[in-house]
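Have a look at the model first.

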Amino acid sequence: MLFHMGVLRWLAEQKRLEHVQKISTVSGGSLLVGLIFQETGMRWPSSDEYLSSVYPSLRTKLCERS
């Protein structure tokens, strides 16, 4: 999951998340996409939204227990 978060962070830093049309993942990547949609009210975040709120929130949630 953390690898995929990093890839999406890089895409967001390049202002490319808005161009993502499909995501194909297995295992942790699928769980991450589900968490992203839960975090954003079932919509794909913009690059700025991912960097300012989605990424920090998910990072905290994933790291606070372990």
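Q: Which residues of α3 does α1 meet?
A: This is a predicted model, where local features need pLDDT of at least 70, side-chain atom pairs count only at pLDDT 80 or more, and totals for chains, interfaces and linings use all residues. Numbering runs from 1 along each chain as its sequence is written, and side-chain values use heavy atoms, leaving out hydrogens and water. From α1, Leu 2, Met 5, Leu 8, Arg 9, Leu 11, Ala 12 and Glu 13 take part, with contact meaning heavy atoms within 4.5 Å. Their partners in α3 are Ser 47, Tyr 50, Leu 51, Tyr 55, Leu 58, Arg 59 and Leu 62.

Q: How is α1 oriented relative to α3?
A: Their axes (lines fitted to C-alpha atoms over the stretch in contact, with angles from 0 to 180 degrees between N-to-C directions) come within 9 Å and cross at roughly 160°. Angles over 145 degrees count as roughly antiparallel. Therefore α1 is, relative to α3, roughly antiparallel.

Q: At what angle do α1 and α2 pack?
A: Helix α1 spans residues 2–13 and helix α2 spans residues 28–39. Their axes lie 8 Å apart, and the angle is about 55°.

How values were computed. Helix = DSSP H or I, 4+ residues; strand = E, 2+ residues; numbered from the N terminus. Parallel < 35°, antiparallel > 145°, perpendicular 65-115°, else oblique.
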